[in-house]
Amino acid sequence: MTDDHNDVHPVLQTLIPIAEGIVKTFGKHCEAAVHDLRKPENSLIYVAGDITRRQKGAPITNIVIENIRKYGDNCPDLIGYKNITKDGRVLKSSTIFNRDDEGKIIGCLCINYDISEFMVHKAHLDEFTAIGEMFQSCSDGGEIFATDINEVLEGMIDQVIQNLGVPVAMMQKENKIQVVRELDLKGVFTIKGAVDKIAAVLGVSRYTIYNYLEEDRSNRTNNII
């Protein structure tokens, strides 16, 4: 420890290499400052990094003053709050309070990380990864990537049954008609072998599936459902 820190409380002295290590770890967008809150008017005793353009002897911030005034020595650490600099940069900040052997707050370690560039990149990523409403509604279970048509058919049947939320063993006639309706609306009956597959899954005859299909299409035509 250099002579510049000889008058610093031992608890706060231990924070100086920590502040230095934090900035060396996280780079140029990071700043770590050590404050002696026994002298708030010029509390800054050490700063690594230059995000806020402050130097030794700068005062403590209003956020710290307000929270200590509100909570006293029981003040909780302030983690991950948003700051905006005078020149408009956005910071993610944290303030960790330090206490002496009697539990009295004597200082704090403040970390400021400039996330302005990250926010720009996030906006680009959000735009790039945005999914349009029509694509979100194409299929409740997502797109099925299969190696043959039977996998697609089985996947579509499974999706409809899962979305219905009623186990096949507990389905009543109206539940099974609803399954047939949903599969019909999804175009499943255009797939060869669909009737036999659905009949086997629902535990009915292929003749029954045709009846369900005819009944449901008739009701929809007449706006009964």
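What is the volume of the largest pocket? In this predicted model, the largest pocket has a volume of about 450 Å³. A pocket is an open set of points on a 1 Å grid over the protein atoms alone, where a 1.4 Å probe fits, with protein on both sides within 12 Å along at least five of seven lines; lining residues have an atom within 4 Å of a point.

Residues are numbered from 1 along each chain as its sequence is written. Because the model is predicted, local features need pLDDT of at least 70 and side-chain atom pairs count only at pLDDT 80 or more, while totals for chains, interfaces and linings use all residues.

The lining of the largest pocket comprises 25 residues, and Thr52, Arg54, Thr61, Thr85 and Leu91 lie nearest its centre. β4 supplies the largest share of this lining, four residues. Helices (H or I, at least four residues) and strands (E, at least two) are DSSP runs, numbered from the N terminus. The elements below each supply at least two residues of the lining.

| Element | Residues |
|---|---|
| α3 | 62-71 |
| β3 | 78-84 |
| β4 | 90-99 |
| β5 | 105-114 |

Elsewhere, the axes of helix α7 (residues 173-185) and helix α9 (residues 206-221) come within 9 Å and cross at roughly 75°. α7 and α9 are therefore roughly perpendicular (65 to 115 degrees) to each other.

Proline 10 belongs to helix α1 (residues 10-13). Its relative accessibility is 53%, so proline 10 counts as exposed (over 50%). The C-alpha atoms of proline 10 and aspartate 100 are 9.2 Å apart, although 90 residues separate them along the chain.

Note on methods: Side-chain values use heavy atoms; hydrogens and water are left out. Axes are lines fitted to C-alpha atoms, for helices over the stretch in contact, and angles run from 0 to 180 degrees between N-to-C directions. Angles under 35 degrees count as roughly parallel, over 145 as roughly antiparallel, 65 to 115 as roughly perpendicular and the rest as oblique. Grid points are joined across faces, edges and corners, and a volume is the space filled by probe spheres set on the points. Buried means under 20% relative accessible area, exposed over 50%, partly exposed in between (1.4 Å probe, protein chains only).
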